[in-house]
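Thanks for asking me to look through this one with you. Here are my notes, point by point, for you to follow with the model open.

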Amino acid sequence: MRDAQVKHQPIHKISFGGLLVAMGVVYGDIGTSPLYVMKAIVGENGGLKSINPDYILGAVSLIFWTLTILTTVKYVIIALKADNHGEGGIFSLYTLVRKQGKFLIIPAMIGGAALLADGVLTPAVTVTTAIEGLRGIPEFFQRFGMDQNIIVIITLVIILVLFSMQRFGTDLVGKAFGPVMFLWFTFLGLVGIINFSQDLSVIRAFNPYYAVKLLLSPDNHLGIFILGNIFLATTGAEALYSDMGHVGKKNIYISWPYVKVCLMLNYLGQAAWLTKIYQDPSYQSIEDLNPFFRMMPNGWMVLGVGFATIAAVIASQALISGSFTLVSEAIKLKLLPRMKITYPGKSIGQMYIPLVNLLLWLACSLIVITFRTSSHMEAAYGLSITVTMLMTTFLLFFFLHQKGYPLVISLLISLFFGAIEVVFFISSAVKFFHGGFVAVLIALVILAVMLIWEWGNRIEERASDEVDLKDYLPQLNELRQDEQLPMYQTNVVFLVPRIEGDHIERAVLYSILDKRPKRAEVYWFVNVVVTDEPYTQEYSIDTMGTDYVMKVKLYLGFRIGQEVNVYIRQIIHDMMKQGRLPLQPQKYTISKGRNVGDFQFILIRKILSNNTVIGKWERQIMQLKLAIKKLTMSPENWFGLEYSDVLYENVPLIIGAPKKTRLKERVEDPTQ
């Protein structure tokens with residue numbers, strides 16, 4: 001039996017407020033893409049001198065069909081259906097399909113690591129691009145010219161402030177995100193219309209003929225590799241799916257058409273402006289020209305740069321919050337070591353992970369200092385997210401098949417999107433030596449930690465030595481009544497990694513009976529089970545027909561904090577009210593009438609024993625896992641036991657067969 005607690009209710013209702021929140025949370029990344037996409041497409045082809053109207057039309061056509069096929073069809077229409085009780089993202093998708101094979105953990109880890117790497121690059125690219133727009137303001141250009149140092153300094157200051165504010169929560173700022181981003185998209189559409197209305201012929205870009213023509217055209221100096229820059233227009237699609245739980249899929253369905261229209265109006269506006277000025281020598285001489293800022297009407301530049309900077313900060317905030325959520329989910333799924341998580345905001349979605357925040361800030365700042373210009377950063381951007389999209393497509397195949405779609409249909413859908421994404425991956429892979437290696441390196445480091453943690457967990461599970469608790473009930477009963485021993489604690493609580501039937505780890509019984517007999521009124525054996533649902537808060541309890549042994553399983557969703565101390569106290573009160581557990585009146589207490597005794601939480605800490613035969617690789621994996629464990633959050637903090645009585649007991653971790661050693665007695669010669 002499970003005693004259910006209050007569950008989080010996912011957002012399903014369509015509301016104006018929900019639509020605004022969707023604008024602020026979901027579309028930050030994709031909403032800032034007009035800042036740099038056309039700039040990269042023109043710049044990497046050789047600048048204005050090397051383009052013509054057909055090139056411009058082809059580029060916008062590729063952007064439109066990429067947004068349509070990948071963002072609209074794959075993510076908005078298909079992926080949003082793969083919601084795990086209202087939650088989205090690659091780890092939520094994995095929990096839906098993981099019963100179909102243990103190997104599915106691999107694409108989930110690869111996709112998650114690549115998505116976290118993207119979270120490092122997004123703030124650097126978007127903020128730098130926005131600040132570079134200051135050069136379009138005459139007063140700024142006259143004072144600083146093309147001096148990149150001032151751009152780097154301003155960018156670093158903004159990034160420092162952005163990461164510093166995370167510890168205080170983003171409730172107040174978050175409320176402004178929606179309206180600001182709604183105004184941002186409206187601004188994008190308005191600026192686009194002003195230029196697009198001067199040359200309506202660019203609407204021909206909706207014809208896929210121009211997209212295909214550009215890929216085959218000699219005017220396209222990059223060939224198919226131009227898709228690496230085109231892909232930048234849809235990098236926020238994965239974030240759109242990941243943030244579904246914050247706003248609800250229906251609000252995304254309703255808001256996406258407006259967002260896409262505004263984006264396309266802006267791209268059409270940039271196309272019309274480029275078609276008009278691409279032969280103008282005065283524009284051809286501008287270094288690192290950005291069509292987004294240059295096409296703005298006179299007097300709009302200050303507003304445009306300010307708006308773009310705010311939008312870039314919001315996009316960065318969304319990626320940072322998404323990174324916190326992603327890491328939290330990975331921890332609950334035992335793919336990453338435990339880290340300190342706080343909730344400075346009013347909702348569980350407003351979390352803060354100090355270690356992740358510090359690492360993101362350092363990595364992001366280092367990228368700005370190293371690459372300096374947005375053009376160089378764009379070379380590193382996009383490669384990692386193509387990997388995440390491929391992994392999502394792979395997992396979607398299993399989801400579609402699981403949902404009852406015919407195998408052929410599931411396979412065709414997955415192959416269709418997979419083929420497109422493979423082409424984007426290959427075209428983005430060209431960026432590897434131009435900066436893409438940074439994203440790959442970050443993703444590989446994160447993936448390595450995940451692999452070490454997962455592999456280490458499996459090694460430990462294989463080496464687990466368990467006993468049947470029923471066989472020890474008589475001894476436990478005798479021990480608790482043995483008045484020759486002092487009372488160790490009223491309630492002794494062991495946090496155990498698993499409870500299978502009546503079997504628990506031998507080390508736990510060894511601690512109670514052998515290491516130091518622990519006399520108590522009640523022995524608790526608590527196991528936390530992370531469920532596939534994100535917000536489960538339930539428990540099951542088995543007393544084994546006694547009033548002194550309690551086997552408790554806490555079923556907690558992968559987005560729920562594991563506050564064991566709070567849950568155990570609630571359970572003990574529930575059981576006393578139901579008469580299933582005797583009262584534990586306290587003689588000495590500051591709380592009058594207290595009927596719940598004291599608690600001792602015992603955590604078994606495993607240390608790799610030298611007295612074990614184990615393969616070289618497995619020994620290295622376990623040593624690395626234990627080393628990482630020392631650098632991360634302690635179990636008492638993770639389980640909410642900071643203010644509880646906690647005891648660590650070290651036990652040797654023996655994997656495989658123990659080494660056989662035998663001493664030979666040395667016989668001394670008495671005559672010498």
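1. Cys262 has a relative accessibility of 5%, so it counts as buried. Cys364 is buried too, with a relative accessible area of 0%. Please keep in mind that this is a predicted model. With a disulfide taken as a pair of cysteine sulfur atoms within 2.5 Å, the count of disulfides comes to 0.

2. Now for the overall picture. The protein chain has 27 helices and 9 strands. Of its 672 residues, 56% are buried. If you take the contacts in the chain with a separation of 6 or more, 83% of them join residues 24 or more positions apart.

3. The axes of helix α8 (residues 148-164) and helix α18 (residues 354-371) come within 10 Å and cross at roughly 175°. Angles over 145 degrees count as roughly antiparallel, and α8 and α18 are therefore roughly antiparallel to each other. On the α8 side the contact is made by Val152, Thr155, Leu156, Ile159, Leu160 and Phe163, while α18 brings Asn357, Leu360, Trp361, Cys364, Ser365, Val368 and Ile369. By type, the residues of this contact between α8 and α18 divide into 10 nonpolar, 3 polar and no charged. As a reminder when you read such lists, an α-helix has 3.6 residues a turn, so residues three or four places apart point the same way.

4. Have a look at Arg372 as well, which lies in the loop between α18 and α19 (374-380). Arg372 is not a glycine, yet it has a positive phi of about 70°. Its relative accessibility is 31%, so Arg372 counts as partly exposed.

5. Two other positive phi values may interest you. Met544, in the loop between β6 (537-542) and β7 (549-557), has a phi of about 55° although it is not a glycine. Met544 counts as buried because its relative accessibility is 15%, and the cut-off for buried is under 20%.

6. Helix α17 is mostly covered, with 25 of its 32 residues buried.

7. Helix α20 (residues 383-402) packs with helix α21 (residues 407-429) at an angle of about 175°, and their axes are 9 Å apart. That angle makes α20 roughly antiparallel to α21. The residues of the contact of α20 with α21 divide into 15 nonpolar, 7 polar and 1 charged.

8. Within α20 you will find Ser384. This serine is buried, with a relative accessible area of 5%. Setting aside neighbours within four places in sequence, Ser384 is in contact with Ala114, Ala117, Asp118 and Ala439.

9. Finally, Ala79 lies in the loop between α4 (53-78) and α5 (90-97). Ala79 is buried, with a relative accessible area of 0%. Leaving out neighbours within four places in sequence, Ala79 is in contact with Lys74, Tyr241 and Leu396. The C-alpha atoms of Ala79 and Glu238 are separated by 9.5 Å, and these two residues are 159 residues apart along the chain.

How values were computed. Residues numbered from 1 in each chain as written. Predicted model: local features only at pLDDT ≥ 70, side-chain atom pairs only at ≥ 80, totals over all residues. Heavy atoms only, no water. Helix = DSSP H or I, 4+ residues; strand = E, 2+ residues; numbered from the N terminus. Buried < 20%, exposed > 50% of the residue type's maximum accessible area, 1.4 Å probe, protein only. Contact = heavy atoms within 4.5 Å. Axes fitted to C-alpha atoms, helices over the stretch in contact; angles between N-to-C directions. Parallel < 35°, antiparallel > 145°, perpendicular 65-115°, else oblique. Nonpolar A, V, L, I, M, F, W, Y, C, P; charged D, E, K, R; others polar.
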